[in-house]
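This briefing is intended for a reader who has the sequence and the model at hand. Please keep both in view while reading.

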Amino acid sequence: LIGHAALPFMCPLEERELVTLLDAAAPPRGSATLDLGGGRADLSALLARRHGVRAASVDRSAQATEAARARVAGLDVTLVTADARPHLASVAPRSLSLASCLGAVHCFGVGAEGWHLAVRALDGLSERLLVGDLVATTREAAEAFEVAELAQLTELAESVRRTIRASLVLDAARVRAYERAWCASVAAHVEAHPSDPRNAWARTRLAWAEEPSLEAARNALGFAVFVI
């Protein structure tokens, strides 16, 4: 939450890009949507404002849920503090117009397997799916960061007999800019709050973000989103 404080979403997307993807999904007004790993409920708030849906945002962090409350005030957004996968058992089949998992595909598993598990888990619940997370364009980078190799996702929609309505892939420069913005917010917090007990973890994370041995792998990272 500290790292993303100055960012519009808890992922590298800009609002105009997310709006384009959601417009391609076009969930009907008054229908129900679900966002897994919703964080501050930014996506659900945008859905409620722009498409007039009844949105639900699920995140396992009680702190994220609390941060979301002010963002969804006055909107038809339900906040749920729960682990994503167990929560799915409480959702009725085909009860949603849109189910999303944006920047949280890893909760279903590592790499391409996590993407396929996420899509299969959401497939029976909703007419439309929005799935996105970090990817890599080389096998070395995929292994270094434990993310899917982009080429492994070509059959993602076909695996559930669907078609891709829209897609977007951000390049390594965009991902790096996002990471640097995240790190700048964390570094500013560390400096302003030197006694924060989380600072040891934060400093380790900041050092890892600049680890020279990972530079080549970072240059092969991207962020992919599919509307299915």
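The model is predicted: local features need pLDDT of at least 70, side-chain atom pairs count only at pLDDT 80 or more, and totals for chains, interfaces and linings use all residues. Residues are numbered from 1 along each chain as its sequence is written, and side-chain values use heavy atoms, with hydrogens and water left out.

**Nonpolar cores**

- The largest nonpolar core holds 37 residues, of which Leu13, Leu18, Leu21, Leu22, Leu102, Leu130 and Phe223 touch the most other members. A nonpolar core is a set of buried Ala, Val, Leu, Ile, Met, Phe, Trp, Tyr and Cys residues joined through side-chain atoms within 4.5 Å. Buried means under 20% relative accessible area, exposed over 50%, and partly exposed in between (1.4 Å probe, protein chains only).
- At least two residues of this core come from each of helix H1 (15–25), helix H2 (42–51), strand S4 (96–102), strand S5 (126–136), helix H6 (139–145), strand S7 (166–170) and strand S8 (221–227). Helices (H or I, at least four residues) and strands (E, at least two) are DSSP runs, numbered from the N terminus.
- Another core, of 31 residues, lies apart from it and includes Val91, Ala118, Leu125 and Ala157.
- In soluble globular proteins, nonpolar side chains tend to be buried together.

**Helix H1**

- The buried residues of H1 are Glu17, Leu18, Val19, Leu21, Leu22 and Ala25. Their cover includes H2, S4, S5, S7, helix H7 (172–192) and S8.
- Beyond its neighbours within four places in sequence, Leu21 is in contact (heavy atoms within 4.5 Å) with Leu13, Leu130, Ala166, Ser167, Leu168, Val225 and Val227.
- Ala26 follows H1 and has a positive phi, near 50 degrees.

**Strand S8**

- S8 is largely enclosed by the rest of the structure, because 7 of its 7 residues are buried.
- On one side of S8 the buried residues are Leu221, Phe223, Val225 and Val227, and on the other they are Gly222, Ala224 and Phe226. In a regular strand the side chains alternate between the two faces of the sheet.
- S8 pairs with S5 in the antiparallel sense over 7 bridges, and Phe226 in S8 is the bridge partner of Val131. Two strands pair if DSSP finds at least two bridges between them.
- S8 also pairs with S7 in the antiparallel sense, over 5 bridges; here Ala224 in S8 is the bridge partner of Val169.

**Strand S2 and its crossovers**

- Strand S2 (residues 54–59) is largely enclosed by the rest of the structure, because 5 of its 6 residues are buried.
- Strand S1 (residues 32–36) pairs with S2 in the parallel sense over 5 bridges, with Leu34 opposite Ala56 in S2.
- S2 and strand S3 (residues 77–81) pair in the parallel sense over 5 bridges, and Val77 in S3 is the bridge partner of Ala55.
- From S2 the chain crosses through helix H3 (residues 62–71) to S3 in a right-handed β-α-β crossover. A right-handed β-α-β unit is also made by S1, H2 and S2. A crossover is right-handed if, with the strands pointing away from the viewer, the path from the first strand over the helix to the second runs clockwise.

**His4**

- His4 lies in the segment before H1 and is buried, with a relative accessible area of 8%.
- The side chains of His4 and Tyr178 make a polar contact (2.6 Å). A polar contact is a pair of N or O atoms within 3.5 Å; within protein, one must be able to donate a hydrogen and the other to accept it, and residues adjacent in sequence count only if both atoms are side-chain atoms.
- Leaving aside neighbours within four places in sequence, the contacts of His4 are Phe9, Met10, Cys11, Arg40, Tyr178 and Trp182.
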